[in-house]
Every structure is written in C-alpha cells, then in structure tokens.
Amino acid sequence: MSISLHRGAYPNTRLRRLRAQDFSRRLVREHQLTCDDLILPLFVIEGRNETQRVASMPGVERLTVDLLAQKARELVQLGIPAVALFPVVDPAHKSDDARAAYDADGLAQRAVRELKNAAPELGVITDVALDPFTSHGQDGLMDDSGYIVNDDTVEVLVQQALSHAAAGADVVAPSDMMDGRIGAIRTAMEREGHINTLIMSYAAKYASAYYGPFRDAVGSAGNLKGGNKSSYQMDPANGDEALHECALDIQEGADMIMVKPGMPYLDVVRRVKDELRVPTFAYQVSGEYAMHCAAFENGWLNREAIILESLLSFKRAGADGVLTYFAIEAAQLLLDT
C-alpha cells in the first residue's frame, strides 16, 4: 500500500501530539486485543482426575477428560470463546492405518462430548490429522517407500472429521496439509447433515522447527524419530504458495483459514487477509510459547507486557483470532485493565 502524504511538514505536523496523553492514544488506537480473540489449545489424556506437566512448555498441563468440565466453565467465565482439542494417544492405540482416529468412543470424541455437556456455549475446535494416531508419527498414511500418500489419507481424514462432528464438535480443523481434503470433508459433512459444522483449515502450515514442544506434548516426537514433514507441509521460504493454499481451501468449502506458526509468519497473515479478505487465524505455537517463557524465567522480558504485545501483533497483522497457550493469562490481564 502506498501512502499519499496529506499532512503538512514539521512543525505544522507533530505526530507525537497524539501520543502525548493516554486519552488521545486510546482514541486513535488502530487495533485492539480482547478476550474474543483468544482460543486455548488443550491437551487431553486418558485416565481420571489426573494432570501431567509438559516439561518443554512451562505452565501447560495435559488433562484427563473428567477435568475438562471445570476448565470449560473457567474459560466461559473469562470470556474465551473457544478451545482447540489435541488428544495424547496411548501408544497401544497407534497403528499404521490410524484407525483409532475415527473411533466414535475415542479420546478426542469423548472429550468433545464432555466439553459440550459442561459448557454448550464454549466453541470446540478439533484437530483433524493422523499424527497422534500413526505408529510413525506422520500426519498421513505411509507407503512402503516412506512417502505420505495423499488420497488414501484424505479418506481417513474424512472419517475422522465426521466422527468429531457426530460427537458435537463445532469446528473441525484439518491440520494435515493433504491436497483436496477440505473439499472431501465439506462434501461428506453436507451428505451426513452436518451443514453447520465449521471448517477451520490449517491452510498455510509450514514445515517449521517451532513445533518441537508440541510434539513432545502430544507424544508424536518419539514416533517421528527425527523424520520431517517437508513433503506435505510448506517450505518456510515460500509466501506466494500460501496464498494459493488458502484460496484453494476457501474454494473447497473452508469457513476460516489458519497460518501456522504465528509470529515468524505474520507477513503471511497480512498478505492472506489483504488479498483474500476471509476469516484468518494464526497459531502462536509451542516453540514461540517456550521461548517467551524461557525469557520470562530468566528475567530478560516483562511477562505481562510481552504476552499482550505479542498477541496484539497478530491483530495488527490482520488475524481475527489467535490460538495461544497464554489465552487464560491474557484474558485475566485484559479483564484487569
């Protein structure tokens, strides 16, 4: 965007005049962060009345299904509109064909039902991808050469998405980056009568090194065994490609799109929002969270100020909302101000 300079030269124009007092700064503020912008990722585990610390993500815990009700009510009180669910699957339930992904009584499906029973007004977003369920830790089915096959994976993803919708999920969020999966899921949703189930597509998901702590949290790092996901996730060097991915997913029936990771890819968020004008979200991923926490613990950065500033940067870049592990803390800070 080019700017035509209409203001006069200094000293007729002193831009600092608008910054001089609190009231004027508030009046001309271009962007605002509110609780409505926050989505909390939740890790769910088997068992009862148990929490597990995630060592690489200070302050983040995995929860058993029965503890989700209490968490849901807390989030509603804070005004946080939605959660994103990620199951931590027992290794005994992982397989090459990821059949546990679409089990009607699976961990994710039971967690959805628990959350919707406890707090019907809380939006529940489910992760549609196979990496928690595959024995090799990849997001799709693998052929004999080690390549992640596309079309066979999409068939399983459709079954997974339908099982989430049947359990009561408000939003299914395919994060696998297979070609054509949005169209296949949307067609199946229409066929099965889930016409109001939203699709939030991880449309521009990069093969990033920032995901390490998340893979520890969901237990897929050990299965991946040093492998990578570069044959289906996007090359961090590419920006134009992200626009093609997002445009295709919207055309296929996605209601919202996601850019992941977040802060290192704010340029992509801005381009997507400017050029496509669709609901656009971003994920402040585990690596971003862990880096911030390390700086806080060492006294290098002010925790409260950085949490709010980092999230505000997403809004300035054009994001309509942010998945963030800071959601509860940010909401409390916003309500106190």
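Below are my entries, topic by topic.

**Ground rules**

I'm working from a predicted model, where local features need pLDDT of at least 70, side-chain atom pairs count only at pLDDT 80 or more, and totals for chains, interfaces and linings use all residues. Residues are numbered from 1 along each chain as its sequence is written, and side-chain values use heavy atoms, with hydrogens and water left out.

**Cysteines**

I started with disulfides, meaning a pair of cysteine sulfur atoms within 2.5 Å. The count came to zero disulfides.

Cysteine 35 is buried at a relative accessible area of 10%. Cysteine 293 is buried too, at 1%.

For elements I use DSSP runs numbered from the N terminus: helices are H or I with at least four residues, strands are E with at least two. Axes are lines fitted to C-alpha atoms, for helices over the stretch in contact, and angles run from 0 to 180 degrees between N-to-C directions.

I took α2 (residues 68-78) and α12 (residues 327-336) as a pair, and their axes come within 10 Å and cross at roughly 30 degrees. That makes α2 roughly parallel to α12. The cut-offs I used are under 35 degrees for roughly parallel, over 145 for roughly antiparallel, 65 to 115 for roughly perpendicular, and oblique for the rest.

Which hand does the crossing of α2 and α12 have? The crossing of α2 and α12 is left-handed; left-handed means that the near helix is turned anticlockwise from the far one by less than a right angle, and right-handed means clockwise.

For contact I used heavy atoms within 4.5 Å. On the α2 side I listed Lys71, Glu74, Leu75 and Leu78, and on the α12 side Ile328, Ala331, Gln332 and Leu335. By class, the contact of α2 with α12 has five nonpolar, one polar and two charged residues. For the classes, Ala, Val, Leu, Ile, Met, Phe, Trp, Tyr, Cys and Pro count as nonpolar, Asp, Glu, Lys and Arg as charged, and the others, Gly among them, as polar.

I then checked which residues of α12 are buried, and got Ala327, Ile328, Ala330, Ala331, Leu333 and Leu334. These buried residues of α12 pack against β1, α2, α11 (303-317) and β10 (321-324).

**Helix α2 against helix α3**

Next I paired α2 with α3 (residues 107-118), and they pack at an angle of about 45 degrees, with their axes 9 Å apart. α2 and α3 are therefore oblique to each other, and their crossing is right-handed. The contact uses Leu68, Ala69, Ala72 and Arg73 of α2, with Ala111, Glu114, Leu115 and Ala118 of α3. By class, the contact of α2 with α3 has six nonpolar, no polar and two charged residues.

I zoomed in on alanine 69, which lies in helix α2 and is buried at 10% relative accessibility. Leaving out residues up to four places away in sequence, alanine 69 touches Glu114 and Ala118.

Where are the cis peptide bonds I noted? One runs from tyrosine 10 to proline 11, with omega near 10 degrees, and another from lysine 260 to proline 261, with omega near -5 degrees. Tyrosine 10 sits in the segment before α1 (22-27) and is exposed at 62%. Proline 261 is in the loop between β8 (256-260) and α9 (266-276).

I also noted positive phi values. Asparagine 49 has phi near 50 degrees, a positive value in a residue other than glycine; asparagine 49 lies in the loop between β1 (38-45) and β2 (51-53) and is exposed at 62% relative accessibility. Arginine 277 has a positive phi near 55 degrees. I found arginine 277 in the loop between α9 and β9 (280-284), exposed with a relative accessible area of 63%.

Conventions. Buried means under 20% relative accessible area, exposed over 50%, partly exposed in between (1.4 Å probe, protein chains only).
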